[in-house]
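Please look over the sequence and the model shown below, and then read the briefing that follows, which takes the contact between two chains before turning to local details.

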There are 2 protein chains.
Amino acid sequence: MNAPDHIPAPPADLNQLLTLTRDPLPASTKVYVPGAQAGVAVPMREIALTNGEQVTVYDTSGPYTDPKAAIDVRKGLPTVRSQWIEARGDSETYEGRLHHILDDGGKLDERDAERIEVLRREAAALQRQPRRAKAGGNVTQMHYARQGIITPEMEYIALRENGKREWMAEYQSDLNREMRLKGNGLGASIPKIITPEFVRDEVARGRAIIPANINHPEIEPMIIGRNFLTKINANIGNSAVTSSIEEEVEKLVWSIRWGADTVMDLSTGKNIHTTRDWIIRNSPVPIGTVPIYQALEKVGGIAEDLTWDIFRDVLIEQAEQGVDYFTIHAGVRLPYIHLTANRRTGIVSRGGSILAKWCIAHHKENFLYTHFEEICEIMKAYDVSFSLGDGLRPGSNDDANDEAQFAELRTLGELTQIAWKHDVQTMIEGPGHVPMHMIQANMDEQLKHCHEAPFYTLGPLTIDIAPGYDHISSAIGAAMIGWMGTAMLCYVTPKEHLGLPDRNDVKQGIIAYKIAAHAADIAKGHPGSRARDSAISKARFEFRWMDQFNLSLDPDTALAFHDETLPKDSSKVAHFCSMCGPKFCSMKITQEVRDYAAQKEAQEQGMAEKSAEFMAGGGEIYVPVPGAKA
Amino acid sequence: MNAPDHIPAPPADLNQLLTLTRDPLPASTKVYVPGAQAGVAVPMREIALTNGEQVTVYDTSGPYTDPKAAIDVRKGLPTVRSQWIEARGDSETYEGRLHHILDDGGKLDERDAERIEVLRREAAALQRQPRRAKAGGNVTQMHYARQGIITPEMEYIALRENGKREWMAEYQSDLNREMRLKGNGLGASIPKIITPEFVRDEVARGRAIIPANINHPEIEPMIIGRNFLTKINANIGNSAVTSSIEEEVEKLVWSIRWGADTVMDLSTGKNIHTTRDWIIRNSPVPIGTVPIYQALEKVGGIAEDLTWDIFRDVLIEQAEQGVDYFTIHAGVRLPYIHLTANRRTGIVSRGGSILAKWCIAHHKENFLYTHFEEICEIMKAYDVSFSLGDGLRPGSNDDANDEAQFAELRTLGELTQIAWKHDVQTMIEGPGHVPMHMIQANMDEQLKHCHEAPFYTLGPLTIDIAPGYDHISSAIGAAMIGWMGTAMLCYVTPKEHLGLPDRNDVKQGIIAYKIAAHAADIAKGHPGSRARDSAISKARFEFRWMDQFNLSLDPDTALAFHDETLPKDSSKVAHFCSMCGPKFCSMKITQEVRDYAAQKEAQEQGMAEKSAEFMAGGGEIYVPVPGAKA
């Protein structure tokens, strides 16, 4: 790839900004669990509790939270997967597509020559030659899986999904409790222990995907499927109105710190190619995009000017950069478009409306649909996964589950089978806005028509009247549909419908969705999910305040909220809290209950012994006094 | 009631503080819908849209949001219900219990004599003589209902629950859509129109309650039952550690502004009697309390020193003040206490742990259980409703649905039947911490054992690892259990488990619970619930930004969030938003879809006409050219 000559300067303070989010989370250490295959070392976060226990949790934050890792955003992250990709010997580097000025959505903003020279050098250092399958080859994880190959990625994922089970044993020792609480999978098939072979099998049958472009060797592999931990996606991206590249990279690091499993770069407007370069090279999580956005930029925003050639070129451009999954709105078919005419809110998907406009303008079938097999050829040369877009998703409760939505869903099911014919990994996007009582039908239809390909939903929002709080209105729907079998939940921030999320909005959206995903995991009975709740509850009950904070999804906020009422350090070891004060603590009283129960049990045992004596003595109520008259 | 001589001074700036929250919500006007019975005038909030429509919504905010209402917190609110209570002729005023210094939980903090004199005068102006049923009488709404009497309260509630249906008609005109979206009541029986007779019938059979102490004539009557709108409760209250009376009254006004249907005053520590006076006299919503808290204060915090006489005296004290419902933990029975010994988090209910301690210390049955019929006698003399407390509710996922919890629930069912024998209105409290897949069992057990008495749950929290965000982790459970049939949802604030909620936390908790309750109403198919969503979606689609904000649950936040990205006034009428920018708007494209669909329809009509012509012409494919050879 040639060095682009118009990358804007990274701001002098970007690395400085990043140092803000390079601290490990409180009381946390990054540990690496080694696998059998070379180079497999799975990062986890180990939380040290004040009672000496270690609780290990899934960690999406990448090298940023490892103080030993040297990070330079101008160089990008270490390329964990390179050795695996090369060892497979089925791909090759090549010159790559010429980076065109149009890729960054505008005319070159000529500034001084010196700055451009600096950028050219930096970009050259950052970029690698792209890699693709050898002619006629197929480098998808699904392709390997179907040949019975367990890739290092699959082994990595198995270890990552299991987590360290040793510490959980103590919390799972009460078998009565385990029986009472065991989840209800609603059709999921989650094994007690995830083996590499199970990962392979799920990928082979299409029930899970591993988004892992061979041009994104920086990722720490992860999996999306209903029989694994529920994942969440965070969207970032600039837009024509606000935002800058630097903010976007910063948002990536911030997003994965709080738990985003994948990140979608939804940039439009200027510098989208270069933004994407910086994001991918610095991302340990899979990156998704909606290529039609960039294609539209290249035709000046005029949807009817889009062509297959322009779109195809964008796919190559982004596949070479390392995008791990593409949202492709191939189900927005010409015959479905009029079905949206009487909707309350028409077509609300950007991609969907662009393609609808194109179809109407030309009165032709959607070119993504007609060229779908050619798209598959590109996907399998890089291992880009499909995220088949729901361009006709409902934008309000009133439009939920209507014919337009479900017609498109059925088409996505057809397309899934075409993709699978090419061994291309595929997931299906879902709504949107759906009242609670209509959510199950979405999951049912998706499972039925899309053959258990992973479902990836946006919320859904259960009501429409909560702008400013749609992370909450949608977390309700997300938790429910996650339990029902959705594999990944696309977050919604408090700014949904209102504006672009800032740093805090991104965090609010992510935490709301970590809650939804975790609630889903517990409900569906993921064997490694509940122990953390047990650990935090035990800490809470034993007044180990710092442990309660550190085991929570957001230790900083938990601590800050506690300190608003009781700021002194002594309160963190106090056996009471601000809710009741020192005299009135229900948890304190419970210890007395335990003493009482123990005493009661001892008494009953005493009674039992007496009873045994009694029975041994003949079992007569009136025992004759020895020597007395009968 | 004698004037207490130790009420602390209301702060000079209290009324000033209140003026902050006396503004009507944006674009809103208070309207009153008159009923047939004298004095029935039901307040509603009418939102004026920019397109000339009026949308009317349920309004809990009381006279505070009516600019025409003169408010003086030292005098209390107008007594809407007095005329109705007096007209029934079955109650009488009496001298009342002597207000004792112990009622305020401490020694008199002697300051200057002048200040005490001012307070004495103010308190005398505020207080009324208490009222109770004439000897042997029963003044409960249930008692009237069972005699076939439709009280003004019942008519008021019918009008209030219906809302103004006129404006909804336009949004409900698409019958296909209405069929597709109709709720799933899961056993609820919600009529299209709530009649006063329906209200009476639901109260008579115990499936709904109207908390309305005859000493709280200030309330705007409301109902709690699964066949009505789902209600929410907000907790306020001082504690030994922080807070002041003034803050509590301020929180009341703030709570009802955002939609609290009832408020529980959970004060402990100093000045709880006086705090309660100020709150009740200024509250248009029912007030609930947990009398055991005050009883414990009176015995210096020593649970084992509690006696029936002390507790009974507290019930009279609070009933005379006008408390509308009492949480009574009569189900914490001695034989159940040891069942909590092996729990992860023991007993977490304050009331539950106090009574457990008492039972253990005396090795006696809970005195609330043994004196339950005497409590009923008090309840029916004032029309205080029972909220039968779940003192053994789970405090963590690990303890959900265990034997301790369900043993207590079955006892609450027995007690419900005793209460109903006395025509005392009763609801049942529920958990707490419950994973999603175990929520339905809670509703099933409650319905089965408590004979459809309204269920009133705290959340439930679906996971334990989200301190700082438990309004969200619990809103998920609350929405689900609300759909399943829970009548009232007790809010949880972000500070749960961490500290005392401040003004903003209270608002966050309320909005999260308004979302949950509204999601439940839509799912269960409440006929008046969905139109507001339709109206806001239409406004959103038509770029009526101000209407979108004003129709939302929190217009201030929606506007502020929008303005963070696009602050200019012109953006509020712009046909684009910050998410996509001006060139890229999906909603704009939809208009073109509509034009296309119309054109398509016209074409098809044209085709149909042609087809009709064709058939009329004989239906031959090859029409002989007139004059040509055959």
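How many residue pairs are in polar contact between chain B and chain A? The count is 31 residue pairs, both residues being at pLDDT 80 or more, where a polar contact is a pair of N or O atoms within 3.5 Å; within protein, one must be able to donate a hydrogen and the other to accept it, and residues adjacent in sequence count only if both atoms are side-chain atoms. This is a predicted model, in which local features need pLDDT of at least 70 and side-chain atom pairs count only at pLDDT 80 or more, while totals for chains, interfaces and linings use all residues. Residues are numbered from 1 along each chain as its sequence is written, chains are lettered from A in the order in which they are written, and side-chain values use heavy atoms, with hydrogens and water left out.

**The interface of chain B and chain A**

- On the side of chain B that touches chain A, the largest share, 11 residues, comes from helix α19 (residues 503–524) of chain B, helices (H or I, at least four residues) and strands (E, at least two) being DSSP runs numbered from the N terminus.
- In total, 122 residues of chain B are in contact with 121 residues of chain A, contact meaning heavy atoms within 4.5 Å.
- About 10,400 Å² is buried between the two chains, and carbon and sulfur atoms give 66% of that area; buried area is the accessible area (1.4 Å probe) that two parts lose on being put together, summed over both.
- The rule finds 6 salt bridges across this interface, a salt bridge being a side-chain nitrogen of Lys or Arg within 4 Å of a carboxyl oxygen of Asp or Glu.
- A:D399 forms a salt bridge with B:R177, and their closest N and O atoms are 3.8 Å apart.

**Helix α16 of chain A**

- The 19 residues of helix α16 (residues 403–421) of chain A should span 27 Å at 1.5 Å a residue, and this agrees with its end C-alpha atoms, which are 28 Å apart; the expected span is 1.5 Å times one less than the number of residues.
- After α16(A) comes A:D423, whose phi is positive, near 55 degrees.

**Backbone details in loops of chain A**

- The peptide bond from A:P431 to A:G432 is cis, with omega near 10 degrees, and A:G432 lies in the loop between β13 (426–430) and α17 (439–450).
- Another cis peptide bond, with omega near 10 degrees, runs from A:G459 to A:P460, and A:P460 is in the loop between β14 (455–458) and α18 (470–484).
- Although A:A27 is not a glycine, its phi is positive, about 60 degrees.
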